[in-house]
Amino acid sequence: MGWFYRGSDLTPDPAWRFGTLPNGLRYAVRRNTYPAGQVSIRVRIDTGSLNEADPEQGSAHFVEHMVFRGTSSFADRDARHIWQQLGASFGSDTNASTDPAKTVYQLDLPQADRAALDKSLQILSEMVDKASFTPAAVEAERKIVLAEKGRRPELSTRFSDVSRALFFRGLKIAARNTIGTDETLRAATPQSLSAFYERWYRPDNATVVIVGDADPAMLTELIAKHFGGWRATGATPPVPDYGAIRSDGPRVETLVYPGAPYTATLLWLRPHIASPDTVARETDELAELLAAQILNRRLEAKARADASFIGAGVSIDRTRHVADTTQLSITAKDGRWRDALTENFAIVRDALRAPPSQAEIARELSNLRLAFNSAVAGESTVRSPQRAQQLINVLDRGDVVMSAPAMLALFERLAPQMTPERIAKATGKLFSGTGPRLLLMTPRAVEGGNAAVAAALDSAEKTLPATRAGEREVSFDALPRLGPPGKPLSRQRIEDMDVTIVRFANGSTLTFKQTEHEKGSVSVRLRLGNGISGLSPQAPSPLWMSGAIAPSGLADLDLDAMERLLTGRRIGMDVGVAEDALVLAGTTNAQDLPDQLRLLATKLAYPRWDAALFNRYKAGALENYELSFASAAARAGREVGGVTHPGDERWLPTPKEAIAGARPADLERAFAPLLATGPIEAIIVGDVSFETALAAMAKTIGALPARPQPALAPAAAAVAPPRPNPRPLLFSHKGDKDQAYALIGWSTFGGTGRIRDRRALALAANIFQVRLFDRLREEEGATYSPSASANSSESFPAWGIFVAAAEIRPESSATFFRIAREIVADLATRPVAPDEFARAQNPVTSGLGRQIKTNGYWLSALEKWTTEPVLIEHTRSHLSDYKGMTPEDIRAAVAAHVAEEGDWSMLVVPENAPGDLAKTQQPAAKAERSGD
């Protein structure tokens, strides 16, 4: 197996072919027929921010941007345009990323024929070997990189900078932010960037990974053809000095950020020692994983009780060129960070004092066994992008890739060795090394400063071990019995889409589709009642607390009991509130489907309302409340629902005082009626037979009593989008003064009619976004990633919007609004040119073609077929409508539904912004739209 398995005694995955070209470039190729016709390519350069000298900070990421700007054979934007013609969408199918240790270029090609691969590999090989660094391109891209840096939330940026300096003292990463600094980015020149590129972009520093529906021999041939001529410039550069962990210096640091929750992050560090991936190493890592999972379960159990912290968790990381780390993260309740530290250390000290019980180990092994078995069942339908990313990930970790059956066999071989004594030893290792080092984030300064924080850490470390809770056994026998099996009344077949609809005597329905898109997986969704449309538009919305419905448990089972019930079973439960229904969902398999449905049916028939869990959920909402004002994007996310649904309290953000005043009974009062009313529409999609699904449905959902259809008040359905307004609605945020967020929209329509117009507007939004990207990002440098979309509601006939948004610098807001209006006016006036239209249409049709081969697509597509048959035809025509679209269809839809009236907008600016920003003008300008 060549370079990949060198030094390993693990079972190779025979589906992969590994090799090395004479110039040192390594490659890995694999035939993977799912999805059919698609190929995924990754080019990994073993270079990141840790390869930069101090004056070069940000160069690795800057170079990643520059290689898309053109090569010796391809001009700027050529690569993007070619790939769009081949059906690859920019940003999802084509992208790149840089981190401290590597840079990865990603391409997912919907077309796997030799011509497409030949052209794509030519482009990629030139990107890593023959990129151009012209002064004009560097200046243009500098604005974009600075815009990307500027859009990063201030809080997370400060947290990252402070934590790296504290936790990794002595290591190079302590002073490395991958994106660089304003000073180094502004100082970068074509010569300095080209020098970094020539030094580190070398064939012996690169790995090409190709997975997909193509002959591996052809893939190997094309790699040799396009990458074989790559020659390194100069001698091999010396290995960077990555530093060494220093144990001196302060153990604690505080980060004061107004509005932030009280959080404590603790880290233990050990030197990272690279070694081959062997059975012995896998044994140690499995023991450490189990140790962390057992500890996390104990921490979670404490958080659910009367604890001083909302949540806590342990994570393990092994990072090449950095360190092996154990991190303990704690979110305190009501500012009680000292008590939270003490309670968490008590649980850690207990884990270090005595081994776990065999029952605890068995529980975690059972859940891991489920994951390995699920991987085996789904092995044949793992998608090419997942396999390509899997190989990149194992390269990062120094692992090797194994087949799912081989991984299961290794797990079963190692599981008997996971004794309490071995887990105890692994626990000790996790909390060994240098540390703990503590970063405390607080909304206000701690009295006594770092000295007081250090004293609290010293005190917490000396606390007595906690007392462990006892084990408990829970089975499905503990659930209350449902009624006798329900009787099917009718069966309807939609042959061309292989869908069956069954109606039961109690009013419930089953919409079923058997698929092999995800082998071993079955998706379940129950829809009932009226959802948001059943709430009053004049009363404060209870939706903020809906996340507490599912974890409140059912019948006599709290969340802990429910989790024990599901140990080793592929069963889940999520509860959400859609516009037109309350939605319960889970992902399972054919074997567990009957109990999956029984769990959901029991939730409906015997809901439980857990006061302790509600209070914890509420505490979390209060602790994080102020973060919605901490950046422009966060404030926009908080307000956009109210802006786009004016005058309707269901979409308004909940005031802090309303959250603080909420009581556990309010959860039941708001959602018990939604759980109790409305016939149940069950949708089951996946790898299961119709007979199994029908029998499970009859014994569960079909066995419930008939449920009344809730009335819908006319006012509740009368939701309208905003009216035109020449000035933006203004909001402010408390974060970085250089961050703003702008959104502009046009009101369209909703309902289930005019489906081709709706789809034309969706394609128009795709073109809108690409033009915004070209003008705002690549020409103006005003933003990093503008977005555009067309949204319409099937439930609210009058509600639809066509919108564009971007995180920008405050002074660029007028530019954003002007360009957005110009683009819409042009789309409404002139049909898109054939080349641009193809570059928009092809990624949409190829992406939709891939989506249709997923369970998730059908789970959503089958909604409401039992009540609105027109949606059947909508699904039938989905792909053909987009394939048959013309440039004139786009123009006509934008002219008729977008540009016929004025726009409306919102703008989020920093607090105390200059007066001219608060007075940003938005001329209604019908003349501008019509070209006058």
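Which side chain meets that of Asp399 in a salt bridge? In this predicted model, the partner of Asp399 is Arg281, with an N to O distance of 2.3 Å.

## Lys429 and Glu288

Helix H9 also contributes Glu288, whose salt bridge with Lys429 has its closest N and O atoms 3.2 Å apart. Lys429 is in helix H14 (residues 420-430), so the pair ties together parts that are 141 residues apart in sequence.

The two partners can be described by their accessibility. Glu288 has 5% relative accessibility and therefore counts as buried, the limit being under 20%.

## Asp350 and Arg468

A salt bridge also joins the side chains of Asp350 and Arg468, at 2.7 Å from N to O. Asp350 is part of helix H10 (residues 337-353), and Arg468 lies in the loop between helix H15 (449-461) and strand S12 (488-494). The two residues are 118 positions apart, and their pairing links distant parts of the chain.

Asp350 counts as buried at 2% relative accessibility, whereas Arg468 counts as partly exposed at 29%.

## Network and total

Salt bridges with shared partners connect Arg525, Arg527, Asp580, Glu681, Arg758, Glu794, Glu863, Lys864 and Glu868 in one network. The count for the model comes to 86 salt bridges.

Methods
Residues numbered from 1 in each chain as written. Predicted model: local features only at pLDDT ≥ 70, side-chain atom pairs only at ≥ 80, totals over all residues. Heavy atoms only, no water. Salt bridge = Lys/Arg side-chain N within 4 Å of Asp/Glu carboxyl O. Helix = DSSP H or I, 4+ residues; strand = E, 2+ residues; numbered from the N terminus. Buried < 20%, exposed > 50% of the residue type's maximum accessible area, 1.4 Å probe, protein only.
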